[in-house]
Amino acid sequence: MAKGFEPEKAEARWYRYWEESGLFRPDEAAKGNPYCIVIPPPNVTGTLHMGHALNNTLQDILCRYKRMKGFKVLWQPGTDHAGIATQNVVEKNLAAQGTDRHAVGRERFIELVWEWRRKYGGFIINQLRRLGCSCDWSRERFTMDEGLSRAVREVFVRLYDEGLIYRGDHIINWCPRCHTALADIEVEHEDRDSALYWVRYPFADRDGYLVVATTRPETMLGDTAVAVNPEDDRYGSVVGSNVVLPIVNKIIPVIGDSYVDPAFGTGALKITPAHDPNDFEIGRRHGLELIKVIDDDGRMNELAGHYAGMDRFDCRKKILDDLQSQGLLEKVDPYRHAVGHCYRCKTMIEPLLSKQWFVRTKPLAKAATIAVKDGKTRIYPATWEAVYFEWMSNIRDWCVSRQIWWGHRIPAWYCKSCGEITVAMVAPSACKSCGGKDLEQENDVLDTWFSSALWPFSTLGWPDRTVELDTFYPTSVLVTGFDILFFWVARMMMMGIHFMGDVPFRDVYIHALVRDAEGKKMSKSKGNVIDPLDVMGKFGTDAFRFTLAALAAQGRDVKLSEDRIEGYRHFVNKLWNASRLVLGNLDEESPPCESRIYPLADRWILTRVGLVVGEMEKALDEYRFNDAANICYQFVWHEFCDWYIEMAKKGLYGNDTTLRSSTRETLKEVLSAVLRMCHPFMPFVTEDIWEKLPYTNGSIMKAPFPERSEYLDDSEALNEMGTVMGVVGAVRAIRGEMNIPPSKKVLVVIDIHEGEDSIKTILIENIHHIESLTKAENPVVDIGLKKPAGSATSVVGSVQVHVVLKGLLDFDEEKKRLQKEIAKKDKDIDLMAKKLSNKGFIEKASPDVVSEVKERHESLSLGREKLLKNLHFFESINE
RNA sequence: AGGCACGUAGCUCAGGGGGAGAGCACUACCCUGACACGGUAGGGGUCAAGAGUUCAAAUCUCUUCGUGCCUACCA
């Protein structure tokens, strides 16, 4: 076996082996229940980032764990077509060639996107492979596949027929760069320093003016009213009068509407119904005219008079100049407020009036809310439930049409003769209203999230009734970050319940976001991105995965630093080397263990492994990945390696053949359990060692997860081992504090308190371990032994451990050490004594706690007495 | 403007009413036949501040301060 684990070689080799052996496919022979996770589809345009790495590591841990537990596991992979993002990428390529999509035409453009996807779409998929993901790649799906596209059409048609999809005029969020509408949640609000402009609108029929405050003076070209609050005393009389819209010189009315907040600005609000959602609502209430003055490029249009053709921001400047020169700009206040930006390209959103397709979400949201309230789907951690409910109860209709080409084209046809709409699965031959033959399909495509919302059932074959759908729907758990709770989770809930009659997943596990070491969100523009591929190359995938799992505490962000990953690489190395020792002792032909014996160390480790297995299982079932990882780490390193393996050496290298073969047996059993326990977290190194372990065949992926019941349940062994460890610790502490080099052996005398014969027996039985673990020379154990001259003493419960340091011992140092230990005990004794003298404590605390405190007080006092005696002893011989 | 988290060792974080924990970093002594990516020992914290509940508070409640995030149509 090599001196260290070589990740690069092992990773490539084992991944290929697993995939080629079909181990990622659901095992038809598995006796357990189905277990299914659908992957949150990464963008085809994307590359693996830390968020993906965490997300998919956690899913892989669950899938591997459940597979080992005997479940029939399907991890359904795939990608989504990322309409706007992908189109942007291909358009950029075209621009580089000096052309654009309009020049190449819709059909050719879509071909180009497909070509692009064939070339680069597998990129992120291969990165997931690199991460070790055990997805069933034979079932990989893509939202633009024929099957999934059929599901999209089916859903659209049915929702339309049910009146849950409609087409209408609304103010929508328009991205002038992407040239498309966006849903409300696709707009990112960011605080920006801006200004509040106070503009005078002169009265039409008298002197004076009304002052309005606005952040967007350029929209005044589309103003059709000024509104004040009818309750506002200042303006009671002006409602119903008219003002002259500056620059445009048009007469517009002053209206009263309770929406207006009298406390803000001047209490007078200019109304631009075609460019502001609130103004739109107010305009509707008052029957105001809608005047659109900004076009799809974010430029002023022909209705903007001589500003026509100007960019919206240039126009703002010009208008302010003009207002200024006309004496109509009263003042400018600095003002900071939230401005909407496109979540894909960060361009400032232009709210404008447009005809779009909408999903009526209220009824869908209601069912989705009830499902979580009733516990049909549980959200972990539960704090996210509140967020989910909040969003569901304030939900607004979902704008699903996008003015781009890459995506599912809306299956609606307009009749050129009567103007009616025909919605159908396939191109209709005639208008369903007038029978006209001259039909034209809607140009818009659907929001990518529309198809993603169907993901949990469309990937399983819906609308066909497939075996997969029967077996795996509802899926077991959805693992995702909270940033797409609304975009995706909520919408899957709505669609799943509506079309499948059941929730799409039993559990939703929301994990944290990965941030940099300072806690900042990683982003390319900040330059603080740690590339997972680099990390895997540098430290190995197993170390990386283990780090992610160990840091993935519920409800907390993962702050990743390379130091941390390096620390866990050491763990991989530790596991490797522990295995090296065990395997080195197994591979020689040894006679089978005929008369197995169970010394204390074996009883202890075999009990501990069972307990640890139980704890890990519980942690994983509750999605406490960090706990599971830490439990594992702690056990492997600080129990198995630090203690058991060290003690096992005695048996391995000694002459007692029964002990030797028994020890080998225990080492093998525990290592086998350790490898299987670690496998979900560190699939490569565990498989690599598993292959070398005798008596195993086949992949560790197919091996059963250890069961608690397979191991011992010997609580006495835990206690007894505790005593041995305590004595060893005491000797080591003295050595350490006295700086006795390991090469120097010491005499150890262990004095047992009167009547503690059982402790005596245990220590005598394990004296050889104490000897080797402490580098002691002929340690002796008995009741009532005298403290040897020139020895340092430590107290463990009722046991006094004397370490003879003749010649090595510095009396002053030893006195200092004893004083320190006494002080430590004093502190604890005081605490206990205070409790015990408290009447309230004795009366009200639970009896268990009281007696525990009493016991501790006694044992501490006893220990203190003994230390004190030692201190006196040193003081006397010093004189 | 509301809401939700979070302030614990130098750093990153677990824990969560009765003895302050881990990893890394640090100090000392060690290449002991798996591992120096290692071993053994050690130093280091009024658990943000204040008040309350309780026999008992790092832990529960409230207030304050600080930090993040999410939601929102006050122009």
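Axes here are lines fitted to C-alpha atoms, for helices over the stretch in contact, and angles run from 0 to 180 degrees between N-to-C directions. I note too that this is a predicted model.

**Entry: two helices**

I began with helix α1, residues 7-20, and helix α22, residues 683-692. Their axes come within 9 Å. They cross at roughly 85 degrees. Angles of 65 to 115 degrees count as roughly perpendicular, so α1 and α22 are roughly perpendicular to each other.

Next I looked up who meets whom. From α1 I listed Pro-7, Ala-10, Glu-11 and Trp-14. They meet Phe-684, Val-685, Glu-687 and Asp-688 in α22. I then sorted the residues of this contact by kind: 5 are nonpolar, 3 are charged and none is polar.

**Entry: domains**

I checked how chain A is divided. Domain 1 takes in 7-141 and 456-538. Domain 2 covers 190-342, domain 3 covers 571-713, and domain 4 covers 723-878. How far apart do the C-alpha centres of domain 2 and domain 3 lie? I found 75 Å between those centres.

**Entry: a sheet**

I turned to an open sheet of 4 strands. Which order do the strands take? I read β10-β11-β9-β12, with mixed pairing. The edge strands are β10 and β12, the latter at 268-271, and each pairs on one side only. From one strand to the next, the twist averages 35 degrees.

I also looked for a helix against this sheet. Helix α8, residues 277-286, packs on it and touches β9, β11 and β12. The direction of α8 makes about 85 degrees with that of β12.

**Entry: strand pairs**

I reminded myself that strands of a sheet pair through backbone hydrogen bonds, either parallel or antiparallel. I wanted to see both kinds.

Strand β9 (225-228) and strand β11 (250-256) run parallel, joined by 3 bridges. I picked out two partners. Ala-227 has Ile-255 in β11 as its bridge partner. Val-228 stands opposite Gly-256 in β11.

Strand β10 (242-245) and β11 run antiparallel, with 4 bridges between them. Here I found Leu-245 opposite Lys-250 in β11.

Last, I followed the chain from β10 into β11. The two strands form a hairpin, and 4 residues lie between them. Which residue in the turn has a positive phi? I noted Ile-247, at about 65 degrees.

Conventions. Residues are numbered from 1 along each chain as its sequence is written. Chains are lettered from A and ligands numbered from 1 in the order in which they are written. This is a predicted model: local features need pLDDT of at least 70, side-chain atom pairs count only at pLDDT 80 or more; totals for chains, interfaces and linings use all residues. Two strands pair if DSSP finds at least two bridges between them. Domain bounds come from an automatic or database domain assignment. Two residues are in contact if their C-beta atoms, placed from the backbone, lie within 7 Å. Angles under 35 degrees count as roughly parallel, over 145 as roughly antiparallel, 65 to 115 as roughly perpendicular and the rest as oblique. Ala, Val, Leu, Ile, Met, Phe, Trp, Tyr, Cys and Pro count as nonpolar, Asp, Glu, Lys and Arg as charged, and the others, Gly among them, as polar.
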